[in-house]
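Please read them with the structure open.

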Amino acid sequence: MSNYFISGIGTEIGKTFVLTELIKEIYKKQKTVNAIKPIITGININNFYNSDSYKILEQLGNSNITFSNINQISPFLFKSPLSPDQ
C-alpha cells in the first residue's frame with residue numbers, strides 16, 4: 001500500500017484536480033483507493049455540489065452524495081473561505 005499527501009498553498013492551484021486524476025489512474029489499475037480532504041473552508045451546507053469534497057467523493061464512485069458523506073471525508077468544515085495566510 002502506498003500513501004500520498006497532496007498539499008499546496010492557496011486556492012484554485014490544482015490540489016483537487018491532481019487528487020481526482022490520481023484516483024482515476026489507480027482505478028484504471030483495478031486497485032482500491034480512498035481519499036480524504038480533512039479541512040474544507042467556504043462550505044455552504046445547502047449547496048455543497050461544487051465543493052472539492054463532493055468532487056472527490058464523485059470520483060471515488062459514490063453515486064448518492066449527501067452532506068453526511070461530505071462530513072465523513074472532511075470532518076473539519078468552516079463556512080468562511082479562509083486560507084493559511086489569513
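1. **Basis.** This is a predicted model, in which local features need pLDDT of at least 70 and side-chain atom pairs count only at pLDDT 80 or more, while totals for chains, interfaces and linings use all residues. Residues are numbered from 1 along each chain as its sequence is written, and side-chain values use heavy atoms, with hydrogens and water left out.

2. **Core.** The largest nonpolar core has 13 residues. Such a core is a set of buried Ala, Val, Leu, Ile, Met, Phe, Trp, Tyr and Cys residues joined through side-chain atoms within 4.5 Å. Buried means under 20% relative accessible area, exposed means over 50%, and partly exposed is in between (1.4 Å probe, protein chains only). Ile 23, Ala 35, Phe 48, Ile 56, Ile 65 and Ile 70 have the most contacts inside this core. Two or more residues each come from α1, α2 (52–59) and α3 (67–73). The most come from α2, with 3 residues. Helices (H or I, at least four residues) and strands (E, at least two) are DSSP runs, numbered from the N terminus.

3. **Ala 35.** Leaving aside residues up to four places away in sequence, Ala 35 touches Leu 19, Ile 23, Ile 56, Leu 60 and Ile 73. Contact here means heavy atoms within 4.5 Å.

4. The largest pocket holds about 1700 Å³ of space. A pocket is an open set of points on a 1 Å grid over the protein atoms alone, where a 1.4 Å probe fits, with protein on both sides within 12 Å along at least five of seven lines; lining residues have an atom within 4 Å of a point. The volume is the space filled by probe spheres set on the points, which are joined across faces, edges and corners.

5. **Lining.** Helix α1 gives the most, with 8 residues.

6. **Helix α2.** Ser 53, Tyr 54, Ile 56 and Leu 57 are the buried residues of α2. They lie on the same side of α2, because they cover an arc of only 160° around the axis. The arc is that of the directions from the helix axis to the C-beta atoms. These buried residues pack against α1, β1 and α3. After α2 comes Gly 61, with a positive phi near 100°.

7. **Start of α1.** Lys 15 lies in helix α1 and counts as partly exposed, at 23% relative accessibility. Beyond four places in sequence, Lys 15 touches Ile 6, Ser 7, Gly 8 and Gly 10. Thr 16, also in α1, counts as buried at 12%. With the same exclusion of residues up to four places away, Thr 16 touches Lys 37, Asp 52, Lys 55 and Ile 56.

8. **Gln 30.** Please look at this residue. Gln 30 sits in the loop between α1 and β1 and counts as exposed, at 75% relative accessibility. Its phi is positive, about 55°, although Gln 30 is not a glycine. Most residues other than glycine have a negative phi.
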